[in-house]
Amino acid sequence: MPTEQLTARRTTSRIDIDSAAVVVAAADVAKIAAEHAGAAERDRRLAPEVVRSMLDAGFARHFVPRRHGGEAGTFEEIVRAVSVVGEGCTSAAWAASLTASLGRMAAYLPEEGQRRIWAGGPDTLIVGALMPLGRARREEGGWRINGTWPYVSVVDHADWALVCAMTTEDRPTARFFAVPRGDWRTEDTWSSVGMRGTGSNTLSVDGVFVPDELTFTRDAVATGLAEGTEGAEAPCHRVPLKAVNGLCFAAPVLGAARAALAAWREGTAPRHTSASGGLESAAAVVLGRAAGEADTAALLLEAAARTADTGQVTAMDVARNSRDCALAAELATAAVDRLFASAGTRAHQDAAPLQRHWRDAHTAAGHIVLGFTPAAEAYARELHAPRPPHGEN
């Protein structure tokens, strides 16, 4: 393809993404979240105003099937929108990203269960616990579940929760179960050095009955193959979880890096400006490298999102996406480290935004999904996996 056509295509795509409703609305969410960021740190949960703005912006409905009033949107749109919110508050970006992601996962429920989840509209706030820490016993028409799941972000504001449990059958299977608010209890356990506003508290369920229409296997979402539902009508519902899971967690880190750049330029750059108005050489190097690292992280995430948006990814695509999301998180965190280290003692004060961005970036990037070593090993295995001779199946 000629360079001129390729450039035009990329420019058109960028315009389309930037004009998407959720991306446009994300700027307002970022503004409101920034205004409440101090309170979120203090209270260890997001303010109701922030959560409401996130729902109004369309994050919860972004991946909801259109037949239930959702957008069945793209991953590139959500990556862009989440990173914008992250420029105001990383915790709010994390909440927005997970809210969208759990809406996508709920589309793997049987159709009757989907109708129940979204009976009140597509803006239902769903939270999730992805580790199979519960137990589920088969009963007539459904399952009796018990379990305790830590680190359930935004649980205090949730309408429904998707929790994962192992069945107690002869051949145990990991399944997700949709539980309505009122059927779980929450324990206030979230006390973290960063991402304090996510309110990632502990959720417990004791002997709750979940009917068959409110459960699906973990394999279904892992492979991107819904079990006899109409949920696979859009590309976003046909993608294996590992191809997109890293996007959910890395996009907020990118937002933190961009927020750190803005804070550095406002608070640190003026102290390193020469008489001619330009930055001193050392400060210019810090700014250039940090901005380049953040830009590179964005390119990696957007490329991974576009791959996922095809709805048809290969095993190599999955491995590459996981690698690139982990690498993007590393690059974004490195940018924040560079800015924070150069900012001096002032950046260490409680009132300094830069120290919050630094804490948030490290806490978010520490999520197990963003570990680079296992992602690199999986990529290497796929790269060197035996291939059938050309022309053979």
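**Arg 44 in a loop between helices**

Arg 44 sits in the loop that links helix H3 (37-43) to helix H4 (48-57), where helices (H or I, at least four residues) and strands (E, at least two) are DSSP runs numbered from the N terminus. The model is predicted, so local features need pLDDT of at least 70 and side-chain atom pairs count only at pLDDT 80 or more, while totals for chains, interfaces and linings use all residues. Residues are numbered from 1 along each chain as its sequence is written, and side-chain values use heavy atoms, with hydrogens and water left out.

The phi of Arg 44 is near 60°, a positive value in a residue other than glycine. Most residues other than glycine have a negative phi. Arg 44 is partly exposed, at a relative accessible area of 28% (buried means under 20%, exposed over 50%, partly exposed in between, with a 1.4 Å probe and protein chains only).

**Met 195 in a loop between strands**

Met 195 belongs to the loop between strand S5 (185-187) and strand S6 (201-211), and its phi, near 55°, is likewise positive in a residue other than glycine. Met 195 is buried, with a relative accessible area of 3%.

**Strand S1 and its partners**

Strand S1 (residues 126-139) pairs in the parallel sense with strand S3 (residues 160-167) over seven bridges, pairing being assigned if DSSP finds at least two bridges between two strands. Within this pair, Gly 128 stands opposite Leu 162 in S3.

S1 is also joined to strand S2 (residues 142-152) by five bridges, and these two strands run antiparallel; the bridge partner of Arg 138 in S2 is Trp 143. The hairpin of S1 and S2 has two residues between the strands, and Gly 141 there takes a positive phi near 80°.
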